[in-house]
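Hi everyone, thanks for coming. I'd like to walk you through one structure today, so please have a look at it while I talk.

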Amino acid sequence: MKFTLQTFLFILVVIISGCAQKTDHVVTISTKYGDMVAILYDETPKHKANFLKLAREKYYDSLLFHRVIEEFMIQGGDPDSRNATPGQPLGMGGPGYTIEAEFSDKFHHEKGALSAARLGDAQNPTKASSGSQFYIVQGKKFTEDELKFDQQKFNMAMQQFFQNPDNKPAYDTIVGYYQSRNREAYDAYLKILKPRIERETGINTDKEVSQEIIDIYSTVGGAPHLDGQYTVFGKVIKGLEVIDKIAAQPTSNERPVEDIRMTVRVEEMPRKKIEKEYGYQYPEKEKK
């Protein structure tokens with residue numbers, strides 16, 4: 001069999017293409033408290049492309065983390081924050097467009113999750129994402145019982161339970177704890193009362209939760225109530241401690257008292273290098 005020059009070149013191109021390493025983009029969000037390094041998911045292509053575009057255009061540089069809630073999240077990306085005066089309300093700014101929601105069961109609001117902020121359901125029934133505002137989850141760890149607890153079912157069961165006049169002493173106890181703002185006693189009493197409420201109403205106030213969810217939120221922690229409500233489009237793979245430092249800052253109306261500005265830069269590198277340097281593991285099929 002004779003090989004023509006064209007055949008040889010074709011084979012050479014195939015070999016080179018097969019040997020080429022697949023690359024990805026690494027995003028570094030720098031603050032005075034340190035750097036947070038993140039990767040963006042291919043499964044959310046619209047959010048990934050938009051964030052990379054804005055970062056390359058320096059859109060995020062000098063913007064504030066304008067909303068911070070400890071044990072929940074840190075939020076930034078509002079262009080109105082660039083020249084904001086002290087105490088100025090923030091959170092409504094953007095580039096003038098939204099992004100279609102890209103929900104995936106593969107990604108959860110675990111600590112370090114990079115997610116898109118959005119307007120509430122009443123104004124935004126399709127759950128479309130803000131064009132620029134994002135948040136990074138801090139959250140907290142949950143027990144298995146907490147993760148399986150269905151608040152909506154429990155509220156319905158309590159309403160039915162307290163319609164019985166014989167249960168007024170329990171109602172008075174709960175109201176007393178609530179009015180005294182004794183959250184620890186309030187939660188502890190509800191936990192004790194839960195089996196009785198279920199028994200008398202016949203309502204099971206638990207929900208089915210996968211072992212994967214239990215493992216994530218009981219070890220890494222996060223904000224499980226946000227799953228399926230906001231688009232998770234990336235993950236911090238280095239610098240989780242920076243989230244904690246920012247979340248711990250004093251705030252006034254959820255805005256840090258002292259301005260916390262960011263700069264965002266993008267670097268493309270082989271996925272194997274990302275795994276080696278940052279310890280992040282891509283699914284096997286995405287490495288090649």
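I'll go through some backbone angles, then salt bridges, then the cavity.

Before anything else, please keep in mind that this is a predicted model.

Let me begin with the backbone. Lys127 is not a glycine, and yet its phi is positive, at about 60°. You can find Lys127 in the loop that runs between β6 (113-116) and β7 (129-130). Is Lys127 buried or exposed? Its relative accessibility is 17%, and the cut-off for buried is under 20%, so Lys127 counts as buried.

Now turn to Arg181. Here too phi is positive, near 60°, in a residue other than glycine. Arg181 also belongs to a loop, the one between α5 (168-179) and α6 (183-201). With 78% relative accessibility, Arg181 counts as exposed.

On to the charged side chains. Side chains of opposite charge can pair when their charged atoms come close. How many salt bridges does a search of the whole structure find? The count is 21, and I'll show you a few of them.

Please find Lys235 and Glu110. Their side chains meet in a salt bridge, with 3.7 Å from N to O. Lys235 sits in strand β9 (residues 232-238) and Glu110 in the loop between β5 (98-99) and β6, so this pair ties together parts that are 125 residues apart in sequence. Lys235 is partly exposed, with a relative accessible area of 23%, while Glu110 counts as buried at 15% relative accessibility.

Another one to look at is Lys111 with Asp244, whose side chains form a salt bridge at 2.9 Å, N to O. This pair, too, links distant parts of the chain: Lys111 is in the loop between β5 and β6, Asp244 is in helix α8 (residues 240-247), and they are 133 residues apart. Lys111 counts as buried, at 18% relative accessibility, and Asp244 counts as partly exposed, at 27%. If you keep that loop between β5 and β6 on screen, you can see both Glu110 and Lys111 in it.

For a local pairing, go to helix α6. Glu200 and Arg196 both lie there, four residues apart, which is about one turn of the helix. They form a salt bridge whose closest N and O atoms are 3.2 Å apart. Both partners are partly exposed: Glu200 has a relative accessible area of 42%, and Arg196 has 28%.

There is also a network of salt bridges, and its members are Asp24, Asp42, Lys48 and Arg271.

Last, let's look inside. What does a search of the whole structure find in the way of cavities of 30 Å³ or more? It finds one. The largest cavity has a volume of about 60 Å³. Its lining is made of 13 residues, and those nearest its centre are Asn50, Phe51, Ile99, Ser130 and Phe233. Two elements, α2 (45-56) and β6, each give two or more residues to that lining. Helix α2 provides the largest share, three residues. And what classes of residue make up the lining? Six are nonpolar, seven are polar and none is charged.

That's my tour, and I'm happy to go back to any part of it.

Key:
Residues are numbered from 1 along each chain as its sequence is written. This is a predicted model: local features need pLDDT of at least 70, side-chain atom pairs count only at pLDDT 80 or more; totals for chains, interfaces and linings use all residues. Side-chain values use heavy atoms; hydrogens and water are left out. Buried means under 20% relative accessible area, exposed over 50%, partly exposed in between (1.4 Å probe, protein chains only). A salt bridge is a side-chain nitrogen of Lys or Arg within 4 Å of a carboxyl oxygen of Asp or Glu. On a 1 Å grid over the protein atoms alone, a cavity is a set of points where a 1.4 Å probe fits but cannot get out, and a pocket is an open set with protein on both sides within 12 Å along at least five of seven lines; lining residues have an atom within 4 Å of a point. Grid points are joined across faces, edges and corners, and a volume is the space filled by probe spheres set on the points. Ala, Val, Leu, Ile, Met, Phe, Trp, Tyr, Cys and Pro count as nonpolar, Asp, Glu, Lys and Arg as charged, and the others, Gly among them, as polar.
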